[in-house]
Amino acid sequence: LLERDGNIYRNTAEADTYLRRASEHTLVGYVLYSDSALYQMWGHLDDAVKEGTHRWKQAFGLEGGALFTHFFRTPEAQHDFLLGMHGFGQLASPTVARAFDLSAYSRFVDLGGATGHLAMAAADAWPNLQAAVFDLPQVVETARQFTHGKVDLIPGDFFADPLPPADIYALGRILHDWSEPKIVTLLRKIHAALPDHGALLIAEKLLLPDKSGPVSALMQSLNMLVCTEGKERTLAEYEELLRDAGFRSVEGVFTGKPVDALLARK
């Protein structure tokens, strides 16, 4: 974290990049979120595994659905959470945006796109795309400081509100938060909103077909167990959910980054 020159200490290049709030690649928000919430819930991992449920009540006295309530409880907590998602997202979004040929699409809307890291990466990778983020009003306000007018910001709730028109939607680290019934409900809504030959780009960590790895995906699945009602899944499991929602074809790519990529076509 630090290097020394006589009596002078300074950040290493890595610390300067990832541990300063002012850095565009900062992971400070993710570190703080891990410290304030995940660490306490991982302390009850044994009970989470035995009971198959998250640990919000055990760790904080909060009932189900507490994930976003907790992170949006104050403007500061919301900013730190979104800052964490932004830093984490930048590690993978450029790769996810280029995982498939998106040159045939013109309107890209990232549902629950937070700070717009995936939408901006898609717009950079595919100049033909007009990109937008559709997220809760309070998130959209925070996102303005990250997007700098590069993508459209549209307030709304993707579960409750009509979806903005698009010929390709995106879901980045959204589906792993939820149970199968909620996922299928959302996927059917997206499928209905897409025009013929439209598509859905998904960024999630993929498990191997036999669920023996990768270790990072298995650890993230345990993380989902302690803090959400969801989990990580195999490509085949996502394909089953997507086909149940009406999608005709599903491709998946292991990116080697913190999240992998899937593309489902209508």
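**View 1. Alanine 160 in the loop between β5 and β6.** In this predicted model, alanine 160 sits in the loop that runs between β5 and β6 (168–172). Alanine 160 is exposed, because its relative accessible area is 60%, and the cut-off for exposed is over 50%. Glutamate 251 is 91 residues away from alanine 160 in sequence. In space, the two C-alpha atoms are 28 Å apart.

View 2. Seven strands make up an open, mixed sheet, in the order β5-β4-β3-β6-β7-β11-β10. The edge strands are β5 (152–155) and β10 (249–253). Each has a single partner strand, so one side of each is left without a neighbour in the sheet. From one strand to the next, the twist averages 20°.

Helix α9 (residues 137–147) touches β4 (130–135) and β5. Its direction makes about 170° with that of β5. Helix α12 (residues 235–244) touches β7 (199–204), β10 and β11. The angle between the directions of α12 and β10 is about 155°.

**View 3. Strand β3, a covered strand of the sheet.** Five of the five residues of β3 (residues 107–111) are buried. Arg107, Val109 and Leu111 point one way from the strand. Phe108 and Asp110 point the other way. β3 runs parallel to β4, joined by five bridges. Valine 109 has alanine 132 of β4 as its bridge partner.

**View 4. Helix α8 and its cover.** Helix α8 (residues 117–125) is largely enclosed by the rest of the structure, because seven of its nine residues are buried. These are His117, Leu118, Ala119, Met120, Ala121, Ala122 and Ala125. Their cover includes α6, α7, β3, β4, α9 and β6.

**View 5. Histidine 86 in helix α6.** Histidine 86 belongs to helix α6 (residues 75–90). Histidine 86 counts as buried, because its relative accessibility is 7%. Beyond its neighbours within four places in sequence, histidine 86 contacts Glu24, Thr115, His117, Met120 and Phe146.

**View 6. A nonpolar surface patch.** Leu1, Leu2, Tyr9, Tyr18, Leu19, Val31 and Leu91 make a nonpolar patch of about 700 Å². Leucine 91 lies in the loop between α6 and α7 (93–97). Its relative accessible area is 30%, so leucine 91 is partly exposed.

**View 7. Salt bridges between separate parts of the chain.** The structure contains 12 salt bridges. One of them joins glutamate 229 to lysine 182, with 3.5 Å between the closest N and O atoms. Glutamate 229 lies in the loop between α11 (215–227) and β9 (233–234), and lysine 182 in helix α10 (residues 180–193), so the pair ties together parts 47 residues apart in sequence. Glutamate 229 is partly exposed at 38%, as is lysine 182 at 35%.

Lysine 211 and glutamate 237 also meet in a salt bridge, at 2.7 Å from N to O. Lysine 211 lies in the loop between β8 (206–207) and α11, and glutamate 237 in helix α12, so this pair ties together parts 26 residues apart in sequence. Lysine 211 is partly exposed at 39%.

View 8. Glutamate 239 and arginine 243 form a salt bridge, 3.0 Å from N to O. About one helical turn separates them, because they are four residues apart in α12. Both residues are partly exposed, glutamate 239 at 24% and arginine 243 at 41%. Glu180, Lys231 and Arg233 form a network of salt bridges.

Note on methods:
Residues numbered from 1 in each chain as written. Predicted model: local features only at pLDDT ≥ 70, side-chain atom pairs only at ≥ 80, totals over all residues. Heavy atoms only, no water. Helix = DSSP H or I, 4+ residues; strand = E, 2+ residues; numbered from the N terminus. Buried < 20%, exposed > 50% of the residue type's maximum accessible area, 1.4 Å probe, protein only. Contact = heavy atoms within 4.5 Å. Patch = residues over 30% accessible without salt bridge, like charges linked within 9 Å, V, L, I, M, F, W, Y side chains within 5 Å. Areas by Shrake-Rupley, 256 points an atom, 1.4 Å probe, with all protein chains shown as cover. Salt bridge = Lys/Arg side-chain N within 4 Å of Asp/Glu carboxyl O. Pairing = 2+ DSSP bridges. Axes fitted to C-alpha atoms, helices over the stretch in contact; angles between N-to-C directions.
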